[in-house]
Number of protein chains: 2
Amino acid sequence: MKDFTYYAPTEVIFGPDTESRVGELVKKWGGTRVLLVYGGGSCIRSGLYDRVASSLGEAGIPFTALGGVVPNPRLSLVRDGIRTAHDEGIDFVLAVGGGSVIDSAKAIAAGVEYDGDVWDFFLRKTAPMKALPVGAVLTIPAAGSEMSDGCVITREDECGDEKKSFSTNICRPRFAVMNPELTYTLPAYQTSCGVVDIMMHTLERYFTRGGDMYLTDALADALLRTVMTCGEKVLKAPEDYSLRASIMWGSSLAHNDLTGLRGQGDWAVHGLEHEASGLFDVAHGAGLAAIWGAWANYVVEEAPERFARLAVNLFDIPAVMSTREETLATARAGIEAMRDYFRSIGMPVNLTELIGRRPTEEEIDHMAAMATKNGTATLGSLRKLGLEDVKHIYNAAV
Amino acid sequence: MKDFTYYAPTEVIFGPDTESRVGELVKKWGGTRVLLVYGGGSCIRSGLYDRVASSLGEAGIPFTALGGVVPNPRLSLVRDGIRTAHDEGIDFVLAVGGGSVIDSAKAIAAGVEYDGDVWDFFLRKTAPMKALPVGAVLTIPAAGSEMSDGCVITREDECGDEKKSFSTNICRPRFAVMNPELTYTLPAYQTSCGVVDIMMHTLERYFTRGGDMYLTDALADALLRTVMTCGEKVLKAPEDYSLRASIMWGSSLAHNDLTGLRGQGDWAVHGLEHEASGLFDVAHGAGLAAIWGAWANYVVEEAPERFARLAVNLFDIPAVMSTREETLATARAGIEAMRDYFRSIGMPVNLTELIGRRPTEEEIDHMAAMATKNGTATLGSLRKLGLEDVKHIYNAAV
């Protein structure tokens, strides 16, 4: 850890019934005409949509609704949103949902202020220079998009969907409304997927060559342990406010850079998973759980002491590491313990469990080719991964 | 923990030589004419002043310098700054120093945009509605003012100085430049005062009736343990970058609200210390160390389980707490261990050690009267303290 910048300006409004303050918040942050982006029927059925709509109404703010965002959100909907925003003179994009909805809102917000095609940002042809302000009412703690600078969108294509991202501070939400009670009804599987996603946002940053930052490491340990414990307990107590609150706040802190100020992070597992969820349309968190162990075993020799540190701090595995062999053994015990944890919260630990059948060789070759098509320099930091490395990891994850 | 808001928009630029980016940062945040507020000669002697001046010069930004800020910063200098800012058409206030300098800069920034007397904000006659943007180059990690919403100023008065504060989001610095290398030359006493101040900002928030927030508690534990360990080690290794970096970043995170999202916090120790440093003009961190133990022993029965939790998590004291008596014993062992820690880093643990002589009965009566003159409702949360309570604590701290 030497240089870093930290910038997490999102105003967080946390607690029961906070969604009733959305109108006032949009107004405070300059919105006068809102595009309300949301996903499927649960937002309507739960009454959340109505509560948000009436809060906007009370604040005298007209809105146009754009529903239908799906997991692994689609570029086509983003383009629809940009058109609608232009047609309706929208000046604020409000996301009501989880990461997919917030990511769609960010892409729309940046696309509205750009003359070309929004996909240019994802292709890195150009970077957004302006964006409409975005606000979020979070319903699924997982992606951390509510405080992050990033967005991930999938472009549908006959030859295989393509999942890409861009990052910019100007897309960080102005405000994020977080009511843990909204997550009481999340299915167990989705709750666990969120827990894994939160863990992975911290772990990807944990594995880096950035050097020592004792405080960042300690905060990462604390967040991981707390979210893991709460994640296990909440499956038996889905309406425990304190458990839900800690997971929800963990989702934001795991991805607003707080737990990763050592360097750039690794992000290979995210890269590998994006190809899996692009191809099989599975939940991101489950995909991460299915791949992490194979990746960890493949790269553990690059940083055995950090994997061992994780084993000791997360799983109370004895700190035996006076030789490299001992350190590696401790590290590998930690990787096994992590897999056991994933199993304990109902997550898959390989691709077969993830998709319900063994992936074919062609599917693995396709994912490996996609994951490395921009060259090895873009995948991984602890160890730069090339095509053969990636094939090995996917095969080990079968 | 139920409701909270979290808003920490300051852009942090962290690392060696980051002060050379000040000009570019002021420009980015809209400054065209700067008031450069600083303290004493060390800023000049170290060459920092020159580096900041030349960075502003390279960015084409003229500035007016206002030096002479002292610890427990004075209202008179704030008023000077406001006059100068008006005269010179200043539109950005840049603080180069520690908490006293940043607090002075905040008060100036708010005072410039107010027609009345700036002390009105401290008397709560009115709240700032506008303020010039503020930036900070941090040289002393302690007060956390670089990311906080607060400022504390002392009004000189023949009948006894008066130390008061106000808080507003509009005074949070737009950016904070943090170069840990700038702290290599801090004297050991000042380093330890900073460590105590950082600890206290977390501890004041730790003792509250706000209920369970597992993640906040875990982050508070992690920050306390890390800063305490680094604080002990850095006395023997004052030029260890990683130790200095963790303390510096800890200063910001301890006071940007991250570690205190359970409720309002207690803040009695700060209130009691303000009277001591107002009267004796001692270092704030040392004053906090001198008073904390007496306060803790006086209020421990209000929340024995939280004091015991601290004992277990910070000092590895065995978690014996099956009865109230056991819990209290564990809690009290933790309070003693905290005092031992203060001693180990060269901090006073009572008022006599703090000021070098036994305080007189009149001095204690004066401090007690001042600390409670706004009524008991304003001092403490775990236990509301009245005049007799406060006298008892000061006497126990003699």
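A residue is called buried when its relative accessible area is under 20%, exposed when that value is over 50%, and partly exposed in between, using a 1.4 Å probe and protein chains only. This is a predicted model, in which local features need pLDDT of at least 70 and side-chain atom pairs count only at pLDDT 80 or more, while totals for chains, interfaces and linings use all residues. Residues are numbered from 1 along each chain as its sequence is written, chains are lettered from A and ligands numbered from 1 in the order in which they are written, and side-chain values use heavy atoms, with hydrogens and water left out.

**Stop one: a loop of chain B**

Select Ser381(B), which lies in the loop between helix H15 (361–371) and helix H16 (387–396) of chain B; helices (H or I, at least four residues) and strands (E, at least two) are DSSP runs, numbered from the N terminus. Ser381(B) is buried, with a relative accessible area of 13%. If residues up to four places away in sequence are not counted, Ser381(B) is in contact (heavy atoms within 4.5 Å) with Arg209(B), Gln264(B), Gly265(B) and Asp266(B).

**Stop two: a helix of chain B**

Now select Phe307(B), in helix H12 (residues 304–315) of chain B, which is buried with a relative accessible area of 1%. Its contacts, again without residues up to four places away in sequence, include Phe207(B), Trp292(B), Trp295(B), Ile335(B) and Leu382(B).

**Stop three: a hairpin of chain B**

Move to strand S6 (residues 150–155) and strand S7 (residues 162–167) of chain B, which pair in the antiparallel sense over six bridges; two strands count as paired if DSSP finds at least two bridges between them. Thr154(B) stands opposite Lys163(B) in S7(B). The two strands, S6(B) and S7(B), form a hairpin with six residues between them, and Gly160(B) in the turn has a positive phi of about 120°.

**Stop four: a loop of chain A**

Leu379(A) is buried, with a relative accessible area of 5%, and, leaving aside neighbours within four places in sequence, its contacts include Ala268(A), Leu272(A), Leu385(A) and Val390(A). The C-alpha atoms of Leu379(A) and Cys43(A), which are 336 residues apart along the chain, are separated by 36 Å.

**Stop five: where the chains meet**

Finally, show both chains together: 39 residues of chain A are in contact with 39 residues of chain B. The area buried between them is about 3300 Å², of which carbon and sulfur atoms give 70%; buried area is the accessible area (1.4 Å probe) that two parts lose on being put together, summed over both. In chain A, select Tyr6(A), Leu215(A) and Trp249(A), which lose the most area to chain B, together 18% of what that side buries.

The elements that give two or more residues to this side of chain A are strand S1 (4–14), helix H8 (214–234) and helix H9 (241–253), with S1(A) supplying the largest share, eleven residues. Seven bridges join S1(A) to strand S1 (residues 4–14) of chain B, and the two run antiparallel. To see this pairing, select Val12(A), which stands opposite Tyr6(B) in S1(B).
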